[in-house]
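Reader: Could you bring up the model so that we can go through it together?

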Amino acid sequence: MSPVPLRGPRAVVFDLDGTLVDSVADVAAALATVLREAGIHPLSEDEVRGLMGHGAPGLLRGALRLRHCDPTEAAWMTRRFLDRYAAAPAVRSAAYPGAVAAVAALAAAGIPVGICTNKAAWTARAVLWALGFAPHVGALVGGDSGHGMKPDPEPLLACIAALGATPEDTVYVGDHHVDIATARAAGVRVLAVPFGYGDVATLEPDGILADYAALTDMLGLVEAG
């Protein structure tokens, strides 16, 4: 799909993992620790990558399914995973090229920026601070924020409301079919990045954002300064 202009957004909301940040190495490390504690062989980073996008509960359910283990163990293992991950959420994680600059450019242009993720908000916040996004982010809604989890549209709608915007004047940026489904359910225009954890060939966004350097142009904005 060729990039298309999405003119006139008054707010931009981003997914986090696979969209702004490649976090799979830190997620896989925390998950490996929890699985070993339970006597389960850890997953490879490629296996973990295929489970991203559904929050910690979905990650643990998927890991147990891949290892043919009792799914009822997922609840306590999820809690243990969150503790392990929160202790080191950004050791090997990295922002995708140009992502921090793009978010900063939006904020400098007066466009409020939000984060809507299925990651727990407290760990998401730690990642945003560690990688330089936090000063430019006006609202964060995580999977534990009381609005449900994507693809339910409510967390995205809550994030948009916190920015003082409306669905009609917002653009969402994600990498996964969960993000596309969330945006469609919320009535929000959506861009997909091709370098994350989803298969962009199977997605039907309003445009593909292959390079963060092109974001302000795609949105019809001029960088401040």
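Reader: Let me begin with one lysine: is K119 buried or exposed?
Author: K119 is buried, because its relative accessible area is 10%, where buried means under 20% relative accessible area, exposed over 50% and partly exposed in between, with a 1.4 Å probe and protein chains only. Please keep in mind that this is a predicted model, in which local features need pLDDT of at least 70 and side-chain atom pairs count only at pLDDT 80 or more, while totals for chains, interfaces and linings use all residues. Residues are numbered from 1 along each chain as its sequence is written, and side-chain values use heavy atoms, with hydrogens and water left out.

Reader: Where is K119, and what does its side chain make a polar contact with?
Author: K119 sits in the loop between β4 (113–116) and α6 (121–131), with helices (H or I, at least four residues) and strands (E, at least two) taken as DSSP runs numbered from the N terminus. Its side chain has a polar contact of 2.7 Å with the side chain of Y85; such a contact is a pair of N or O atoms within 3.5 Å, where within protein one must be able to donate a hydrogen and the other to accept it, and residues adjacent in sequence count only if both atoms are side-chain atoms.

Reader: And how many aromatic pairs are there?
Author: There are four aromatic pairs, a pair being rings of Phe, Tyr and Trp (its six-membered ring) with centres within 6.5 Å, and planes under 30 degrees apart count as stacked, over 60 as edge-to-face and the rest as tilted. F81 and Y85 are stacked, because their ring centres are 5.7 Å apart and their planes lie at 5°. These two residues are four apart in helix α4 (residues 74–87), which means about one helical turn separates them. F81 is buried at 4% relative accessibility, and Y85 is buried at 2%.

Reader: How are the rings of F195 and Y212 arranged?
Author: F195 and Y212 make a tilted pair, 5.9 Å centre to centre with 50° between the planes. F195 is in the loop between β7 (189–192) and β8 (207–208), and Y212 is in the loop between β8 and α9 (215–218), so the pair ties together parts 17 residues apart in sequence. F195 is partly exposed at 27%, whereas Y212 is buried at 2%. Ring pairs also link F14, Y96, F195 and Y212 into a cluster.

Reader: Changing topic, in what order do the strands of the sheet come?
Author: The six strands form an open, parallel sheet in the order β5-β4-β1-β6-β7-β8, with two strands counted as paired if DSSP finds at least two bridges between them. β5 (139–141) and β8 are at the edges with a single partner strand each, so one side of each has no neighbour in the sheet.

Reader: How many of the residues of β6 are buried, and which strands does it pair with?
Author: Five of the five residues of β6 (residues 170–174) are buried. T170, Y172 and G174 point one way, and V171 and V173 the other. Strand β1 (residues 11–14) runs parallel to β6 and is joined to it by four bridges, with F14 as the bridge partner of V173. Four bridges also join β6 to β7 in the parallel sense, and V171 stands opposite R189 there.

Reader: What about D175, which salt bridge does it have, if any?
Author: D175 is buried and has no salt bridge, its nearest side chain of opposite charge being K150 at 6.7 Å. Here Lys and Arg count as positive and Asp and Glu as negative, while His and the chain ends are not counted, and a salt bridge is a side-chain nitrogen of Lys or Arg within 4 Å of a carboxyl oxygen of Asp or Glu. D175 does have a polar contact of 3.1 Å with the side chain of T19.

Reader: Then what does K150 meet in a salt bridge?
Author: K150 meets D179 in a salt bridge at 2.8 Å, N to O. D179 lies in helix α8 and K150 in the loop between β5 and α7 (154–162), so the pair ties together parts 29 residues apart in sequence. Both D179 and K150 are buried, and D15, K150 and D179 are linked in a network of salt bridges.

Reader: How many salt bridges does the structure hold?
Author: It holds nine salt bridges, among them one between R184 and D206, whose closest N and O atoms are 3.1 Å apart.
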